[in-house]
Amino acid sequence: MNGKARQVVNVRSVVFTAVALLIAIMAARADDRAIISRWYSALLVADRTELSDLLADDVRIKLDDLGIVQNKQEFIASIDEWRGAVAGAAIRHRIEKSEAGVTTVIACYDFPGNDMLMHETFAVTDNRITASSQAAIAENCDGF
């Protein structure tokens, strides 16, 4: 094989590798978006089984405004209390960005008596949430 033929093969290999990597990144982002959508759907109905399936065994959930960090068992145990709080509510969310396995979300929790605008982040590995943090942005969802 002459020098030019080798260069063409090398360029094709690099292009193929770059395209394959881009497709893998796009698929991972799509998977993360699906996981985040499942999270909010399960959270709205306080579905312990679905939430448990979405969380990694070693997950850490940080509720900044309350100064609480929960592990998986603590979070799942709190779902019965959450069920009462979320009755009749709606949760709207939009993904702000997703990079390097971390997805940033703006979420409006529209409870029957009030609403809250939240900034939330989710670290996702192997289709499981491995870390989450939540902090209030505003005491209403105006402009969401």
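Is Tyr109 buried or exposed? In this predicted model, Tyr109 has a relative accessibility of 4% and therefore counts as buried (under 20% relative accessible area, with exposed over 50% and partly exposed in between; 1.4 Å probe, protein chains only). Residues are numbered from 1 along each chain as its sequence is written. Local features need pLDDT of at least 70, side-chain atom pairs count only at pLDDT 80 or more, totals for chains, interfaces and linings use all residues, and side-chain values use heavy atoms, leaving out hydrogens and water.

We can turn next to the core.

Six aromatic pairs are present, a pair being Phe, Tyr or Trp rings (six-membered ring for Trp) with centres within 6.5 Å, stacked under 30 degrees, edge-to-face over 60 and tilted for the rest. Trp39 and Phe75 are stacked, because their ring centres lie 5.5 Å apart with planes at 25°. This pair joins helix α1 to helix α3 across 36 residues. Trp39 is buried at 4%, as is Phe75 at 8%. Trp82 and Tyr109 pair edge-to-face, 6.2 Å between centres and 80° between planes, linking helix α4 with strand β4.

Key. Helices (H or I, at least four residues) and strands (E, at least two) are DSSP runs, numbered from the N terminus.
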